[in-house]
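Work through the exercises below with the structure open beside you. Try each task before reading its solution.

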Amino acid sequence: MEKKRFVVTPGFEVGGTIFRPEQLAVLGSIVGKDAKIEMTTFKQLYVEVQGEREEEIKEKLKATGLEIHPAGFYTKSLIT
């Protein structure tokens, strides 16, 4: 099965990167048991999920107020 990777962030705000408890609860419950979640040095979560569920997962995460971005150089450039 193909894996897809994307970045999840609560957005860029004054005061830092703050994930709300309900956002993390939804993230943990929706991604599935074989997903991988990595915290980067840029205070973002890299999420790797089954490809066929990617769009469903992204929509549910967006509904909680989280932002979804492509993984890689694009996301790192947003910090600067």
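The exercises that follow concern a predicted model.

**Exercise 1. Find which residues of helix α1 are buried, and state how they are arranged around its axis.**

Solution. 
- Step 1. Helix α1 spans residues 21–30. Its buried residues are Gln23, Leu27 and Ile30.
- Step 2. Look down the axis of α1. The buried residues fall within an arc of 85 degrees, so they line one face of the helix.
- Step 3. An α-helix has 3.6 residues a turn, so residues three or four places apart point the same way.
- Step 4. Turn to the face away from the buried side. Pro21, Gly28 and Ser29 are exposed there.
- Step 5. Identify the cover. The buried residues of α1 are covered by elements including β2 (36–39), β3 (45–50) and α2 (54–63).

**Exercise 2. Describe the largest nonpolar core and name the elements that supply at least two of its residues.**

Solution. 
- Step 1. This core has 14 residues. Those with the most contacts inside it are Phe6, Val8, Val31, Val47, Val49, Ile57 and Leu61.
- Step 2. At least two residues each come from β1 (3–9), α1, β3 and α2. The largest share, three residues, is supplied by β3.
- Step 3. Take isoleucine 57. Beyond its neighbours within four places in sequence, isoleucine 57 contacts Phe6, Ile30, Val31 and Val49.

**Exercise 3. Decide whether threonine 64 is buried or exposed, then trace its contacts.**

Solution. 
- Step 1. Threonine 64 sits in the loop between α2 and β4.
- Step 2. Its relative accessibility is 15%. The cut-off for buried is under 20%, so threonine 64 counts as buried.
- Step 3. Setting aside neighbours within four places in sequence, threonine 64 contacts Arg20, Gln23 and Val26.
- Step 4. Compare sequence and space. Threonine 64 and glutamine 23 are 41 residues apart in sequence, yet 5.9 Å apart C-alpha to C-alpha.
- Step 5. Inspect the side chain. A polar atom of the threonine 64 side chain lies 2.7 Å from the backbone oxygen of leucine 61.

Technical notes. Residues are numbered from 1 along each chain as its sequence is written. This is a predicted model: local features need pLDDT of at least 70, side-chain atom pairs count only at pLDDT 80 or more; totals for chains, interfaces and linings use all residues. Side-chain values use heavy atoms; hydrogens and water are left out. Buried means under 20% relative accessible area, exposed over 50%, partly exposed in between (1.4 Å probe, protein chains only). Helices (H or I, at least four residues) and strands (E, at least two) are DSSP runs, numbered from the N terminus. The arc is that of the directions from the helix axis to the C-beta atoms. Contact means heavy atoms within 4.5 Å. A nonpolar core is a set of buried Ala, Val, Leu, Ile, Met, Phe, Trp, Tyr and Cys residues joined through side-chain atoms within 4.5 Å. A polar contact is a pair of N or O atoms within 3.5 Å; within protein, one must be able to donate a hydrogen and the other to accept it, and residues adjacent in sequence count only if both atoms are side-chain atoms.
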